[in-house]
Amino acid sequence: MRHGKKHNHLSRTHSHREAMLQNMASSLILHKRVETTVAKAKELRKFVEPILTRAKEDTYQNRRISFMYLNDKETMKELYGVVADKIANRPGGYTRIIKLGNRLGDNAETCLIELVDFNEVLLAAAADKATATTKTRRSRRSGGAKATDAPEVEATPVAAAPVVADVAPVAAVVDEAPVAEATTDSSTDEAPAASEESTNDETKQS
């Protein structure tokens, strides 16, 4: 029974499996990507990521343990020289698995395992996406500034109030003229009425 044995033995003995993972880890560090099957890639990720974590801190003990797993001087030079600088600020997740489909011979599921920080195409795409989002935000801000400036430009023609003030007195004069006429008419109408009353009083007295 294999209770609690979660590792994939990959149909190999212990020594064969360790040698294979050692060689694949060296190839991944030197060439930054390796094409293999999905099962091997998952085991390689568990094998190589602890080594990459140790490489971020360059100490004598970490170099001894890394060399115990890799057993290759050129790989150690690349790991502690180039790779360690690239992954210094990454808190884990150093590898990426990209599935490629099934191969023709045995229909095995193949994939590409690579170091995340060395894929220049995806890094450039991510940088372009970040700049595109910042450009959109800036354009919105500039549009908002233009929208706020527009009412200020339109507010200046509203200063035509003096024209309305000039017209208003004319209207007042026009309104006052009929009032004056009305008063004169009323006075003229009252005058004959008063004369008629005086004549009537004279006739009564006589």
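Is Thr36 buried or exposed in this model? Hi everyone, let's take that one together, keeping in mind that we are looking at a predicted model. Thr36 has a relative accessible area of 10%, and the cut-off for buried is under 20%, so Thr36 counts as buried. As for where to find it, Thr36 sits in strand β1, which covers residues 33–37. Leaving aside residues up to four places away in sequence, Thr36 is in contact with Met24, Ala41, Thr110, Cys111 and Ile113.

One of those partners, Met24, takes us to helix α1, where Met24 is among the buried residues. What do they pack against? The buried residues of α1 meet strands β1, β2 (95–102) and β3 (109–115), along with helices α2, α3 (60–70) and α4 (73–86).

Helix α1 runs over residues 14–31, and at 1.5 Å a residue its 18 residues should span 26 Å; the end C-alpha atoms are 26 Å apart, so the two values agree. Just past the helix, Lys32 adopts a positive phi of about 75°.

Last stop: Glu43, in helix α2, residues 38–55. Glu43 is buried too, with a relative accessible area of 11%. Which side chain does Glu43 pair with in a polar contact? That would be Lys46, at 3.2 Å. Thanks, everyone!

Technical notes
Residues numbered from 1 in each chain as written. Predicted model: local features only at pLDDT ≥ 70, side-chain atom pairs only at ≥ 80, totals over all residues. Heavy atoms only, no water. Helix = DSSP H or I, 4+ residues; strand = E, 2+ residues; numbered from the N terminus. Buried < 20%, exposed > 50% of the residue type's maximum accessible area, 1.4 Å probe, protein only. Contact = heavy atoms within 4.5 Å. Polar contact = N/O pair within 3.5 Å; in protein donor to acceptor, adjacent residues only side chain to side chain. Expected span 1.5 Å × (residues − 1).
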